[in-house]
Amino acid sequence: MKKYLFVYGTLQKGYGLNAYLKNAKFVADAQVKGFKLLGCFGIPFAVKEKESNIKGEIYLLNETFINNDLINIDIIEGSYNRIKSTALMNNGKNLPVELYEYNGNQKYLKEIPQGDFKRWRIATY
């Protein structure tokens with residue numbers, strides 16, 4: 001069994017939490033439609049939004065990763081739910097993925113332009 005995980009924030013390459021994906025295989029840069037990114041204090045939150053999309057990375061999770069490592073990411077992403085979606089890779093192909101959707105209070109969150117966490121993080125911090 002294998003799964004693909006779409007990440008859009010600090011789990012991406014170049015950020016501290018990417019270490020949790022050291023046993024996963026990077027597949028491609030991609031985007032997921034039907035979500036927008038909100039942010040606060042350098043942390044992104046993906047929420048459903050029909051007309052928007054978010055940018056991120058896809059990782060292949062093998063059975064060992066799913067059985068041993070994925071629980072650690074689920075714990076860090078505690079206020080998020082891992083849900084199924086479809087990612088569009090930069091080569092034009094679609095891939096079924098899971099991603100973390102935020103379901104908490106959005107009162108103090110601001111929209112991240114173009115759903116691009118990396119660009120927002122550089123411009124903001």
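Colleague: How does the radius of gyration of the chain stand against the value for a compact globule?

Modeller: In this predicted model, the chain has a radius of gyration of 14 Å, and a compact globule with 125 residues would be near 14 Å, so the two agree. The C-alpha trace spans about 40 × 30 × 25 Å along its principal axes. Of the 125 residues, 46% count as buried. Among contacts with a separation of 6 or more, 68% are accounted for by residues 24 or more positions apart.

Colleague: Which elements make up the secondary structure of the chain, and in what order do they run?

Modeller: The chain has three helices and six strands. Read from the N terminus, the order is β-β-β-α-α-β-β-β-α.

Colleague: How should I read a pocket, and what space lies in the largest pocket?

Modeller: The general idea is that rolling a probe the size of a water molecule over the atoms shows where empty space is left. In this model, the largest pocket holds about 190 Å³ of space. Its lining has 14 residues, and those closest to the centre are T10, I43, P44, E77 and Y80. By class, eleven of the lining residues are nonpolar, two are polar and one is charged.

Colleague: Which element supplies the largest share of that lining?

Modeller: Strand β3 does, with three residues. Both β1 (3-7) and β3 (43-61) supply at least two residues each to the lining of the largest pocket.

Colleague: What is the volume of the second largest pocket, and which residues line it?

Modeller: The second largest pocket has a volume of about 150 Å³. Its lining includes Y8, Q12, D29, K55, E57, N90, D116 and K118. By class, this lining has three nonpolar, four polar and five charged residues. The elements β2 (25-40), β3 and α3 (117-124) each supply at least two residues of it.

Colleague: How should I read a salt bridge, and how many does a search of the whole structure find?

Modeller: In general, side chains of opposite charge can pair when their charged atoms come close. A search of the whole structure finds six salt bridges here. One of them joins K118 and E57, with the closest N and O atoms 3.0 Å apart. This pair links distant parts of the chain, since K118 lies in helix α3 and E57 in strand β3, 61 residues apart. K118 and E57 are also both among the residues lining the second largest pocket.

Colleague: Where in the chain do E49 and K36 lie, and what is the distance in their salt bridge?

Modeller: The side chains of E49 and K36 meet at 3.7 Å, N to O. E49 is in strand β3 and K36 in strand β2, 13 residues apart. K36 counts as buried because its relative accessibility is 18%, while E49, at 31%, is partly exposed.

Colleague: Which residue forms a salt bridge with R82, and which residues join into one network?

Modeller: E98 forms a salt bridge with R82, the closest N and O atoms being 2.6 Å apart. E98 is in strand β5 (residues 94-102) and R82 in strand β4 (residues 80-89), 16 residues apart. E98 counts as buried at 10% relative accessibility, and R82 is partly exposed at 29%. Through salt bridges that share partners, K3, D74, R82, K84 and E98 are joined into one network.

Note on methods
Residues numbered from 1 in each chain as written. Predicted model: local features only at pLDDT ≥ 70, side-chain atom pairs only at ≥ 80, totals over all residues. Heavy atoms only, no water. 1 Å grid on protein atoms, 1.4 Å probe; cavity = no way out; pocket = protein on both sides within 12 Å on 5 of 7 lines; lining within 4 Å. Points joined across faces, edges and corners; volume = space filled by probe spheres on them. Helix = DSSP H or I, 4+ residues; strand = E, 2+ residues; numbered from the N terminus. Nonpolar A, V, L, I, M, F, W, Y, C, P; charged D, E, K, R; others polar. Salt bridge = Lys/Arg side-chain N within 4 Å of Asp/Glu carboxyl O. Buried < 20%, exposed > 50% of the residue type's maximum accessible area, 1.4 Å probe, protein only. Rg over C-alpha atoms; globule rule 2.2 N^0.38 Å. Contact = heavy atoms within 4.5 Å.
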